[in-house]
Amino acid sequence: MKYLFAAVMLASAVVGFSEAASAAGGCGPGWFRGPYGGCRPMGRAVVVAPGPVVVAPPVVVVRPRVCPYGFRWYAGRCRPF
């Protein structure tokens, strides 16, 4: 019984793959058979023109770190020595 099951599975796999290959006429997706049997694309080529390149300068914010006498700037805040 298991040999029969294996044979049925093999036959269904072969039939399944052969139908998928012939679906596009053998040319693949996006192609079709031409009048002389050659593969031809289904539409024109799409050309996209590049847009202008805009480069903005980076924004730099400088905050003075002034600590009172006897303190120093460490780990994001004023700390005593």
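A disulfide is taken here as a pair of cysteine sulfur atoms within 2.5 Å, and the views below come from a predicted model.

**View 1. The disulfide of C27 and C39.** The sulfur atoms of C27 and C39 lie 2.1 Å apart and form a disulfide, one of 2 found in a search of the whole structure. Because C27 lies in the loop between α1 and β1 (31-33) while C39 belongs to strand β2 (residues 39-41), this link ties together parts that are 12 residues apart in sequence. The link is left-handed, with -85° about the S-S bond. C27 is buried at a relative accessible area of 16%, whereas C39, at 36%, is partly exposed.

**View 2. The disulfide of C67 and C78.** C67 is joined to C78 by a disulfide with an S to S distance of 2.1 Å, and the torsion about its S-S bond is about -85°, so this disulfide is left-handed. Since C67 lies in the loop between β2 and β3 and C78 in strand β4, the pair ties together parts that are 11 residues apart in sequence. C78 counts as partly exposed, at 28% relative accessibility. With bonded cysteines counted along the chain, the disulfides of the protein follow the pattern 1-2, 3-4.

**View 3. The hairpin of β3 and β4.** Strands β3 (residues 71-74) and β4 (residues 77-80) run antiparallel and are joined by 4 bridges, with Y74 standing opposite R77 in β4. The two strands form a hairpin with 2 residues between them, and A75 in the turn has a positive phi of about 60°.

**View 4. A nonpolar surface patch.** M1, L4 and V8 make a nonpolar surface patch of about 370 Å². L4 is found in helix α1 (residues 2-22) and counts as exposed, because its relative accessibility is 54% and the cut-off for exposed is over 50%.

Definitions and conventions:
Residues numbered from 1 in each chain as written. Predicted model: local features only at pLDDT ≥ 70, side-chain atom pairs only at ≥ 80, totals over all residues. Heavy atoms only, no water. Patch = residues over 30% accessible without salt bridge, like charges linked within 9 Å, V, L, I, M, F, W, Y side chains within 5 Å. Areas by Shrake-Rupley, 256 points an atom, 1.4 Å probe, with all protein chains shown as cover. Salt bridge = Lys/Arg side-chain N within 4 Å of Asp/Glu carboxyl O. Buried < 20%, exposed > 50% of the residue type's maximum accessible area, 1.4 Å probe, protein only. Pairing = 2+ DSSP bridges.
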